[in-house]
Amino acid sequence: MDDVPTEDLEEWTNWSGNLQFEPGVIATPETEGQVQSLVEHCRAEGKTLRVVGAGHSWTPVVETDGVLVSLERLTGLVEHDREAGEAVIRGGTTLGEATAALQEVGLAMTNLGDVSLQTVAGAFGTGTHGTGTELQSLSSTLVGGRIVTGTGDVKAFSAEDDPEFLRAARLSLGTLGVFTELRLDLERAYKIERREYCTTAEEALEHVPTLAAENRHFDFYWYPRSDEVKLRLLNAPNGGTDERDLAFASLVKKGTGWWHQTIAEHDDMTRLFEEMEYAVPAEEGLECFREVRERIRENWRADVGWRVLWRTIAPEDTYLSAEYGRETVTIGILQNAQLEFREYFEDLEGVFRSYDGRPHWGKRHSLRAPELAKLYPEWDRFQEIRREHDPDGVFTSDYLRTLLEGAGVTAEEQPRRIGERESEVEGE
Ligand SMILES: Cc1cc2nc3c(=O)[nH]c(=O)nc-3n(C[C@H](O)[C@H](O)[C@H](O)COP(=O)(O)OP(=O)(O)OC[C@H]3O[C@@H](n4cnc5c(N)ncnc54)[C@H](O)[C@@H]3O)c2cc1C
């Protein structure tokens with residue numbers, strides 16, 4: 001790996017600043033061949049290699065005491081086919097870079113989350129999603145690509161040749177290998193009208209099922225201190241719920257723009273926050289939200305600095321997708337990064353779990369393999385594919401071992417505190 005650019009890195013910190021580790025070195029390969037030599041080096045030396053995207057996850061998914069790899073030098077559009085609605089991007093490309101480059105060739109992603117600062121591969125890696133009852137999460141658009149596996153080999157994959165691998169690859173936490181190229185299923189570039197309304201929580205809750213059904217993208221933020229709600233409706237211009245049917249709310253914002261510019265308006269977000277988000281069955285989504293609201297108002301109203309986000313997503317067949325096999329509502333609780341969040345999140349996690357909730361892989365949660373395995377019907381198939389592509393565990397860190405393998409201990413013996421790692425728990 002002598003020819004691979006590397007830099008000393010004493011401390012790595014995630015976006016919110018609450019997660020740190022000491023990788024020692026970060027490698028920034030310029031070619032796929034250099035990625036291969038990094039994997040071969042780690043395999044031979046018995047080191048763990050973790051690839052990092054933009055570092056926007058709150059769980060220690062990229063933590064390693066071995067080699068941290070960033071693909072920041074492997075970015076951009078490789079090729080596109082407007083007629084077929086497909087394009088290939090390099091593994092380090094951010095969502096912002098990808099959507100801007102796609103726009104230039106008349107293409108767009110079907111759905112996006114709240115910001116576009118993440119890398120595409122990193123967003124796929126933890127199951128990043130937006131909202132829309134008929135729409136799936138971002139990684140459902142992955143239809144092929146190239147990955148450097150744990151043996152250092154390059155595997156070219158596609159939906160036609162290896163559908164089972166694709167179901168694992170779409171959400172794989174960097175445990176099957178390093179994606180150097182991603183082939184995406186896309187739409188023609190389109191414009192979106194964004195409308196935002198404010199109302200009380202009680203008024204909003206009555207209308208949520210209709211709004212979710214009538215709008216391409218619908219979600220809402222609830223503000224615990226005021227008990228008010230902001231509704232967000234995104235549709236093709238003049239589409240979605242008629243303004244007259246929203247008389248119960250006040251229009252606070254309206255505008256139309258290209259999709260990627262409309263959704264990414266949060267990119268200038270200056271407030272750092274922590275988040276826990278669970279995916280629950282859609283039919284129980286409102287009941288779960290009501291219980292969350294009640295619990296927060298009872299126990300946490302004075303402590304909560306920020307808001308709660310409610311979204312919908314269509315079912316998927318990706319093995320580790322939180323939307324696997326069911327129509328889903330996600331509920332995210334956000335807390336300012338400088339405020340206490342652990343006890344708050346732990347308390348609310350109990351509510352989410354009582355609804356058979358599955359945690360977002362990139363957001364704070366305390367679940368480990370013994371509990372997670374029960375939530376995912378095809379858990380074992382994912383693990384088989386993981387072992388096949390990474391037989392020596394080059395991509396498996398201590399954290400991922402507890403997450404995916406259980407490390408031979410029961411759920412009770414696993415660390416229980418939100419966001420803490422083994423070393424911190426042992427040190428208590
Ligand atoms: C401000 C903010 C807003 C957010 N909004 C949303 C939202 O709207 N919806 C939502 O669902 N989530 C949201 N998230 C969560 C975020 O999208 C996820 O945590 C996402 O995984 C972060 O992407 P990243 O590029 O930072 O990847 P990282 O966090 O750096 O990595 C995530 C995973 O991807 C793997 N990975 C990265 N690159 C590669 C590669 N080339 N090959 C193989 N594996 C790779 C990593 O190893 C890791 O396992 C938000 C987070 C923040 C901080």
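**A guided reading of the predicted fold**

Buried residues account for 47% of the 428 residues in the protein chain; a residue is buried if 20 or more other C-beta atoms, placed from the backbone, lie within 10 Å of its own. The structure is a predicted model, in which local features need pLDDT of at least 70 and side-chain atom pairs count only at pLDDT 80 or more, while totals for chains, interfaces and linings use all residues. Residues are numbered from 1 along each chain as its sequence is written.

As to overall dimensions, the C-alpha trace of the protein chain spans about 65 × 55 × 40 Å along its principal axes.

The protein chain holds twelve helices and 21 strands, which are DSSP runs (H or I, at least four residues, for helices; E, at least two, for strands) numbered from the N terminus.

Strand 19 (residues 308-313) is largely enclosed by the rest of the structure, because six of its six residues are buried. V308, W310 and T312 point one way from strand 19, whereas L309, R311 and I313 point the other way.

Two strands pair if DSSP finds at least two bridges between them. Strand 19 pairs in the antiparallel sense with strand 15 (residues 217-223) over three bridges, and L309 in strand 19 is the bridge partner of Y221. Strand 19 also pairs in the antiparallel sense with strand 20 (residues 328-336), over six bridges; here T328 in strand 20 is the bridge partner of I313.

Note on methods:
A residue is buried if 20 or more other C-beta atoms lie within 10 Å of its own, exposed if 12 or fewer, and partly exposed in between; C-beta atoms are placed from the backbone.
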